[in-house]
Amino acid sequence: MTIRESSFDVVVLGGGPAGLAAAIAADKKGASVLLVEREKKLGGILKQCIHDGFGLVYFKERLTGPEYAQRFIDEFFSRNIAYRTQAFAVETARGAQGFSLLLQSAQGMERILSKTVVLACGCREKTSRQVFIHGDRPAGIFTAGTAQYYVNIMGCLPTKRCVILGSGDIGMIMARRLTLEGAQVEGVYEIKNSPAGLARNVSQCLEDFNIPLHLSSTVTKVTGVKRVESVEICAVDENFAPVEGTQRTVPCDALILSVGLLPENEVAEALGVEIDPATKGAVVDQTLMTSVPGVFSCGNALHVNDLVDYVTISGELAGACAAAYTGHARSQVCVRYDSSDFLYAVPQRYDTAAGGPFDLYFRVREECRNKRVAVEAPGLVKKTRKYLRLTPSEMEVLRIDPGEGIIDGDIRLSMLDAT
Amino acid sequence: MTCIVCPNGCRLTVTGTGENIQVEGALCKKGIDFAVNELTRPMRSLTSTVRTVFPDMPRLPVKTRGEIPKGNMLDAMKIIRRALVTERLKTGDVVIKDVFGTDIVATATM
């Protein structure tokens, strides 16, 4: 049997906001591009994010998810970029002349040879298997994203009365959405002492609809034979251990989880890409190239962003850098930070051979006030910025520009009290 | 109160009443306007979906073109839930006219 074979400069895996931006940017640079998407339609998770608030950074407009996606889908199609939908890379391997991918789709098998690969596979929700809850496993336990798919894409209401565990943005947005569709959201329970999502969502999704937010509390047990019948709620101490005697049983038919997102790295791992335990995504340099030359990572596959606008921006960077890839010898320095101050920083490396300015994204470990964040390196004029308030749920970005200078040593990110 | 205009989510402190409202904590003017409106006539944009006759896209996402009074959100939902889309629409097309002073428009292309 012969398998169809075609060659490209850049193959983008994922047709969500990161992949669309990467494909468009690579095409603008004159590269031959193929985009691979496993679903029938392009747009990724934005298709089901019907709420608004997207695009304020990138377009200076407030758009819904489908509207934001449509702008890039329209541009993608207007450029006649090659794509395969309902297609999946079942095998991705490094070859002598770049990469060899085996695609499976309704059209059969297809071999793709490419100089570079852009990983834009997005992230996945943590499921009940990744959260420790005692008790039964009946129907009615699902992630907020699954609930969102049921309601917004299929038009089904998957619960009449539910409990939401975790105060991530999708959880709060689904609390509002389910309430608007006539379901009763008994409450949102957050194990930490502060909400995980944005303050505006606490206000417009929960407070507007009188949905209670219970901090420092969690679900400790699920009861139900075929379907969820109730959950047990418990207060937790500062070490997240349940406080004896605070248990309370809440009757409900569903437990909806909004307990965090994890970058999707199946293909990255198959290619031997180094993963950062802090971001759970690839280790990249300022061109978003991973530890494997010619493999780039962007969007939520790289690290979980709080705004799609930044997903687009990183997709554009990865796509443009993949198109410009020459296979030059890299000379990397590390971005270093104290992990008691910072959760993570991206990029984790800086290629002094490629040089140039870059955006350094970071998240702090704990909420803090009146801090000064500094970035210093040999060959770089020290950059500092004062912050009145920093919180783990809000990603920060610093533009680092060595100007005429050449960074020739590790880059140090640090936090001090502002005086 | 928390400003909901953008993801910054400025924590606003509002003092005074009537003509003499003072707003502190806003990073931009939109936050001040938001606080004043919130105390006088709170408005919200609303997004939802409308049933369609098309099996490949059983729901069409929609939004209010402008904002509607906060207190009318559930009433607007009743109107949206009754609607049925019978022709292929594209982003920006009007789905339901004049719902609490604005139109319900499609936010996706079918």
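**Entry 1: the pocket**

The model is predicted: local features need pLDDT of at least 70, side-chain atom pairs count only at pLDDT 80 or more, and totals for chains, interfaces and linings use all residues. Residues are numbered from 1 along each chain as its sequence is written, chains are lettered from A and ligands numbered from 1 in the order in which they are written, and side-chain values use heavy atoms, with hydrogens and water left out.

I noted what a pocket is (on a 1 Å grid over the protein atoms alone, an open set of points where a 1.4 Å probe fits, with protein on both sides within 12 Å along at least five of seven lines; lining residues have an atom within 4 Å of a point). How much space lies in the second largest pocket? I found about 1200 Å³, a volume being the space filled by probe spheres set on the points, which are joined across faces, edges and corners.

The lining holds 41 residues. Nearest the centre I found Arg389(A), Glu394(A), Asn8(B), Gly9(B) and Leu27(B). Strand 26 of chain A gives the largest share, five residues. Helices (H or I, at least four residues) and strands (E, at least two) are DSSP runs, numbered from the N terminus.

**Entry 2: helix 1 of chain B**

This helix (29–40) supplies at least two residues of that lining. I checked its length against the expected span (1.5 Å times one less than its number of residues). Its 12 residues should span 16 Å, and the end C-alpha atoms are 17 Å apart, which agrees.

Which residues of helix 1 of chain B are buried? They are Gly31(B), Phe34(B), Ala35(B) and Glu38(B). Buried means under 20% relative accessible area, exposed over 50%, partly exposed in between (1.4 Å probe, protein chains only). Exposed Lys29(B) and Thr40(B) are on the face turned away from the buried side.

I looked up Gln86(A), a residue other than glycine with a positive phi near 50°. Gln86(A) is partly exposed, at 44%. Asn370(A) also has phi near 50°. It is partly exposed, at 43%. Val346(A) and Pro347(A) are joined by a cis peptide bond, with omega about 0°.
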